[in-house]
Amino acid sequence: MTDKSPVLMWFRRDLRLGDHPALTAACESGRPVIPIFFYDEVVQGQGAAPRFRLELGLEALSESLARKGSRLILRRGDALACLRDLIEETGAGAVYWSRLYDPASKDRDTKVKAALKEDGIDARSFSGHLLFEPWEVETKTGGFYKVYTPMWRAVKDAEIAEALPSPQRISAPQSWPASDALSDWSMARDMQRGAEIVRGHCTVGESAAASRLGSFIAHGIADYADARNLPATNGTSNLSENLTYGEISPRTCWHAGMRAREEGKSGAETWLKELVWREFAYHLVHHTPRIVETNWREEWDAFPWNTDERVKEVKAWKQGRTGIPFVDAAMREMYVTGRMHNRARMIVASYLTKHLLCHWRIGLDWFEEHLIDWDPASNALGWQWSAGSGPDATPYFRVFNPITQLDKFDKSRDYISSWIAEGYSDPSQAALDYFEAIPKQWSMSASDPYPDPIVAVDEGRRRALNAYENRDF
DNA sequence: TGAAATGTTGGGGCG
DNA sequence: ACGCCCCAACATTTC
């Protein structure tokens, strides 16, 4: 007699039905499937913008499950306790999920799996968040890659299985367990004033993600290699927001990129490389989890970065009033849209850690609080890369000059003028939205004069190089 | 997916 | 015709 007890499908950062190995396995088991999501301490510990965006993603997932005659059951509390409750209420005999790799999720999932197995439950984790499992890609000496380029060479010609179709049907249980109401969770509460503005810049859900990929492949990918560096143009795929919540799978992106490359679209390979940077970040987080907390190169522990968040330099950086237009424009773009162009991320990170001599953790935390596309691995690698403390990092003496960068990547000044209001007679709506989104206590107004640089570009560079010169490591 | 300082080359103006 | 200088353009080195 075959087991007809329900399978609990535990969703986390895989808010899709297509190319979803765990969901496919649950559906193919021939048993009823109960999709679930928990607002647990791992989610609780994340930033305001990520939780705000997660709520939107859950709404969309709920709707697409409903179209299949299924539901998303929501519970709040410790994941294991919630699972045990649901198992008791529904008689479920199995729990499936897609693996995550950040330390907080991994600690939780390891404990959950052990406890459930102890209970006699079939607890199973599947791939889905990455192209390659971190333990499957090895250097010739059997370690993990600590440098990007060799990793790219090792994986670029790998066979990657085709994406799985969405399940035809998701069998419902005879009766549904109780669910919280998503709105009762108030996941967006900490967004305060900015929520509605950021909402207008989000592209949410699996089908929106698929059209985004489609239009990028059709119109954007050919010029990606150069256009991706120009923050005033729509030259990137913009898919980070969807990838981080799993509204699209990296595998779907990979195959779309490969097809574009075969069609001779020259930017395709550059884009595929970016997908592998995401893998690289996750593999590093898996193998060296402390990368999200402390200097990956421990000798950097001796570097005299400022760690006090209250100093005026940090305040100016966070509030987008350093007096450096490229930096301020970027910080404001993040506040208004929940995202920031990659070129701009490198510039603000260089300015914070080098010109302002502030610890990269301050920047990492601020990004985690404000990015709707926040990704635990990419954020950690990005900051440590910029600061010089990370694997395959930019050397410390590579200091971005935010003025020179303007001439190279925002020659028309369209980017800075679209995000800065002060000093412009006819500021853009987006630039004005910033003043609606920020806390009133910041006391900023579009009619203020644009500030003088808090640290001049040449002086900051000299000071940073001097600190590096005098390092005792 | 750096910037700035320093070094090298070569064309053109000029006496 | 030739040497000299200037300087832009490019290359290399250094931080």
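Helices α17 and α18 meet through Trp-360, Gly-363, Leu-364, Phe-367 and Glu-368 on the α17 side and Asn-379, Ala-380, Trp-383, Gln-384, Ser-386 and Ala-387 on the α18 side (contact means C-beta atoms, placed from the backbone, within 7 Å; helices are DSSP runs of H or I with at least four residues, and strands are runs of E with at least two, numbered from the N terminus). Please note that this is a predicted model, in which local features need pLDDT of at least 70, side-chain atom pairs count only at pLDDT 80 or more, and totals for chains, interfaces and linings use all residues. Residues are numbered from 1 along each chain as its sequence is written, while chains are lettered from A and ligands numbered from 1 in the order in which they are written.

**α17 with α18**

- The axes of α17 (residues 360–370) and α18 come within 10 Å and cross at roughly 150° (axes are lines fitted to C-alpha atoms, for helices over the stretch in contact, with angles from 0 to 180 degrees between N-to-C directions).

**α16 with α18**

- For α16 (residues 342–355) and α18 (residues 376–387), the axes come within 9 Å at a crossing angle of roughly 55°, so this pair is oblique.
- Arg-345, Met-346, Ala-349, Ser-350 and Thr-353 of α16 meet Gly-382, Trp-383, Ser-386 and Ala-387 of α18.
- Four nonpolar, four polar and one charged residue make up that contact.

**α14 and its cover**

- Glu-313, Val-314, Ala-316, Trp-317 and Lys-318 are buried in α14 (residues 312–319) (buried means 20 or more other C-beta atoms within 10 Å of the residue's own, exposed 12 or fewer, partly exposed in between).
- Among the elements covering these buried residues are α15 (325–337), α16 and α17.
- Gly-320, with a positive phi near 65°, follows α14.

**The sheet**

- Five strands form an open sheet with parallel pairing, in the order β3-β2-β1-β4-β5 (strands pair if DSSP finds at least two bridges between them).
- β3 (73–76) and β5 (122–126) are the edge strands, each with a single partner, so one side of each has no neighbour in the sheet.
- Four bridges join β1 (residues 7–10) to β2 (residues 33–39), and Met-9 has Pro-35 in β2 as its bridge partner.
- Helix α4 (residues 79–90) lies across β1, β2, β3 and β4 (94–98), at about 150° to β2.

Terms used. Parallel < 35°, antiparallel > 145°, perpendicular 65-115°, else oblique. Contact = placed C-beta atoms within 7 Å. Nonpolar A, V, L, I, M, F, W, Y, C, P; charged D, E, K, R; others polar.
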